[in-house]
Amino acid sequence: MFNNFLRTNKVAMWLLTVIRVYLGYQWIEAGYHKLTGGFDAAGFLNGAIANSAGDHPAVQGWWATFLQHFALPNVDLFNVLVPYGEFLVGLGLILGTFTTFAALMGFVMNAAFLFSGTVSTNAQMLILEVLVLVAAANAGKIGLDYYVMPYLRKLFHKKDDAGTQTPAPKQPLNVKRTA
């Protein structure tokens with residue numbers, strides 16, 4: 001029932017637009033500050049790895065292993081992915097373009113931040129992103145998805161229709177033909 005409300009209701013569409021723009025602003029602001037102010041993920045990664053030790057670790061061991069053996073050696077890649085990812089997620093959510101994908105990528109980043117021991121607003125944003133994800137297309141109807149998604153559907157269905165031919169109707173076998 002709640003899913004149907006989120007996916008089809010016009011009131012939900014407007015509420016989701018407010019949520020979407022709020023989330024987008026949070027993401028675009030974080031990404032912009034990292035892009036313009038310089039960003040180095042090494043300190044964050046080292047801090048998360050350090051928080052995986054002790055009696056009550058804030059970071060699970062399996063995640064710390066991933067951070068230590070993959071993320072930290074590839075910190076230069078993460079120094080690019082994180083700021084641009086945050087900025088693009090924010091842009092997609094504010095404009096309502098590829099809304100579901102943008103919310104999914106925001107969800108993935110927030111989950112990674114939470115796994116790394118950072119709480120801040122990540123948990124709140126994660127819950128709001130789940131609402132946008134469940135709402136699917138209804139979350140982007142007041143946005144560029146209103147125009148982009150039908151265009152893409154038409155574009156991809158055109159290719160499908162061009163490749164298929166309709167067979168000629170079959171004639172009954174017992175019909176006598178006269179010439």
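Visitor: How does the lining of the second largest pocket divide into nonpolar, polar and charged residues?
Guide: That lining has 10 nonpolar residues, 3 polar and no charged. Keep in mind that this is a predicted model.

Visitor: How much space lies in that second largest pocket?
Guide: About 270 Å³.

Visitor: And which elements give two or more residues to its lining?
Guide: Those are α5 and α6. The largest share comes from α5, with 6 residues.

Visitor: Which residues lie nearest the centre of that pocket?
Guide: Of the 13 lining residues, Leu 88, Val 89, Phe 101, Ala 102 and Met 105 lie nearest the centre.

Visitor: Let's stay with Phe 101. Where is it, and is it buried or exposed?
Guide: Phe 101 is in helix α6. It counts as exposed because its relative accessibility is 53%, and the cut-off for exposed is over 50%.

Visitor: OK, now the largest pocket. What volume does it have?
Guide: The largest pocket comes to about 600 Å³. It is lined by 28 residues, and the closest to its centre are Phe 44, Val 82, Glu 86, Met 109 and Phe 113.

Visitor: Let me zoom out. How many helices and strands are there in the protein?
Guide: The protein has 8 helices and 0 strands. Along the sequence, that reads α-α-α-α-α-α-α-α.

Visitor: What share of the residues counts as buried?
Guide: 31% of the 179 residues. The accessible surface is about 11,900 Å², and carbon and sulfur atoms account for 66% of that.

Visitor: And the contacts with a separation of 6 or more, what share of those is between residues 24 or more positions apart?
Guide: That share is 74%.

Visitor: Switching to α2. How many residues does it have, and how far does it reach?
Guide: Helix α2 has 28 residues and reaches 40 Å from first C-alpha to last, close to the 40 Å expected at 1.5 Å a residue.

Visitor: Which of the α2 residues are buried?
Guide: Among them are Met 13, Leu 16, Ile 19, Arg 20, Leu 23, Trp 27 and Ile 28. The buried residues of α2 pack against α1, α5, α6 and α7.

Visitor: Then do α7 too. What's its reach, and which residues are buried?
Guide: Helix α7 runs over residues 122-135, so to speak a 14-residue helix reaching 20 Å, close to the 20 Å expected at 1.5 Å a residue. Its buried residues are Asn 122, Met 125, Leu 126, Leu 128, Glu 129, Val 132 and Ala 135.

Visitor: What covers those buried residues of α7?
Guide: The cover includes α1 (2-8), α2 (10-37) and α6 (99-115).

Visitor: What about the phi of Ser 120?
Guide: Ser 120 also has a positive phi, near 45 degrees, in a residue other than glycine. Ser 120 is in the loop between α6 and α7, and it counts as exposed at 63% relative accessibility.

Visitor: Last one: Thr 97. Where is it, and is it buried or exposed?
Guide: Thr 97 is in the loop between α5 and α6. At 19% relative accessibility, Thr 97 counts as buried, because buried means under 20%.

Visitor: What is Thr 97 in contact with, leaving aside neighbours within four places in sequence?
Guide: Thr 97 is in contact with Gly 92, Leu 144 and Asp 145.

Methods:
Residues are numbered from 1 along each chain as its sequence is written. This is a predicted model: local features need pLDDT of at least 70, side-chain atom pairs count only at pLDDT 80 or more; totals for chains, interfaces and linings use all residues. Side-chain values use heavy atoms; hydrogens and water are left out. Helices (H or I, at least four residues) and strands (E, at least two) are DSSP runs, numbered from the N terminus. The expected span of a helix is 1.5 Å times one less than its number of residues. Buried means under 20% relative accessible area, exposed over 50%, partly exposed in between (1.4 Å probe, protein chains only). Contact means heavy atoms within 4.5 Å. Accessible areas come from the Shrake-Rupley method with a 1.4 Å probe; for residues, only the protein chains shown count as cover. On a 1 Å grid over the protein atoms alone, a cavity is a set of points where a 1.4 Å probe fits but cannot get out, and a pocket is an open set with protein on both sides within 12 Å along at least five of seven lines; lining residues have an atom within 4 Å of a point. Grid points are joined across faces, edges and corners, and a volume is the space filled by probe spheres set on the points. Ala, Val, Leu, Ile, Met, Phe, Trp, Tyr, Cys and Pro count as nonpolar, Asp, Glu, Lys and Arg as charged, and the others, Gly among them, as polar.
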